[in-house]
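Biologist: Please show me the model. Then we can go through confidence, fold and aromatic pairs.

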Amino acid sequence: MRKSHPVRRAVLAGAATVSGIVLLLSLKPASDPGSAQAAGQAPPAAAGQAPQGGVNGAVTGDAAQTQYGAVQVRLTMNNGKITQAEAVQAPKGGRSDQITASSVPRLNQAVVAAQSADIDAVSGATYTSAGYKKSLQSALDKAKASGGAQQGAGGAQTLTGDVAQTQYGPVQVRVTVAGGKITKAEAVQAPKGGRSDQITSSSVPRLNQAAVAAGSADIDAVSGATYTSAGYKKSLQSALDQAGG
């Protein structure tokens, strides 16, 4: 029988080795952590993070009621990042003054550092911290919704004004602005209880319509609802200030 040449055997062995390597590479798992990025897919964002994508301006969260008073957080954002956090409402009076003065600045700093609502409670300020985080999360939710609206509806954004305290209760206004115009106005807080219920139900719809018609806070007070009208206009102006208008 004819013997194989040694050189030929070496060539065949080398070819088999190369084929084996190619086969192993082709069997690389699709679940490789880098495969999503290689395919152009961004990793999922953690819940509660500041929305990325060009959100700008101030966003005010809903007021969170606590055992010692309301907490409400406002965020200032630049290109989707939190540049400033502040509490526009916090518990006050007696011991609460000391707790608020000690805890709120630390919570504000924590938000800017974390860029999310995933922050630790301040020791000794459990209720304030919980209310702060709840209002903060609502502000982040609004910013996320506003960012989506800006991308999908030509720059529409929803802005909530500061709470305006009146003799008969707080008033807080939320507006939707698109193309520099107010397209919707509503009172998310208004005086209630007793005679206030009737005044609120009569005056607020008229104030909402006036805000949309005027496109500004330069609206007339509703007769018989002087305090509610004044609070409405004050909160409305603070909402428009957030929009830069």
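Modeller: This is a predicted model, where local features need pLDDT of at least 70, side-chain atom pairs count only at pLDDT 80 or more, and totals for chains, interfaces and linings use all residues. Residues are numbered from 1 along each chain as its sequence is written, and side-chain values use heavy atoms, with hydrogens and water left out.

Biologist: What pLDDT does the protein average?

Modeller: pLDDT is the predictor's confidence in each residue, from 0 to 100. At least 70 is reached by 72% of the residues. The protein's average is 80.

Biologist: Which element has the lowest mean pLDDT?

Modeller: Helices (H or I, at least four residues) and strands (E, at least two) are DSSP runs, numbered from the N terminus. Helix H3 (residues 95–114) has the highest mean, 95. The lowest, 33, belongs to helix H2 (residues 35–38).

Biologist: How many contacts does the stretch of residues 21–47 have beyond near neighbours in sequence?

Modeller: Contact means heavy atoms within 4.5 Å. Over residues 21–47 the pLDDT is below 50. Where pLDDT is low, predicted coordinates should not be read in detail. Beyond near neighbours in sequence, the model gives residues 21–47 a count of 2 contacts.

Biologist: In what pattern do the elements follow along the sequence?

Modeller: The protein has 6 helices and 8 strands. Read along the sequence, they run α-α-β-β-β-β-α-α-β-β-β-β-α-α.

Biologist: What share of the residues is buried?

Modeller: Buried means under 20% relative accessible area, exposed over 50%, partly exposed in between (1.4 Å probe, protein chains only). The protein has 245 residues. The buried share is 37%.

Biologist: What kind of aromatic pair do Tyr68 and Tyr127 form?

Modeller: Rings of Phe, Tyr and Trp (its six-membered ring) pair if their centres lie within 6.5 Å; planes under 30 degrees apart count as stacked, over 60 as edge-to-face and the rest as tilted. The count is 2 aromatic pairs. For Tyr68 and Tyr127 the centres are 5.4 Å apart and the planes at 70°, so the pair is edge-to-face.

Biologist: How many residues apart in sequence are the parts that this pair ties together?

Modeller: Tyr68 lies in the loop between strand E2 (64–66) and strand E3 (69–78). Tyr127 lies in helix H4 (residues 126–152), so the parts are apart in sequence by 59 residues.

Biologist: What is the angle between the planes of Tyr168 and Tyr227?

Modeller: Tyr168 and Tyr227 form an edge-to-face pair, 5.4 Å centre to centre. The angle between their planes is 70°.
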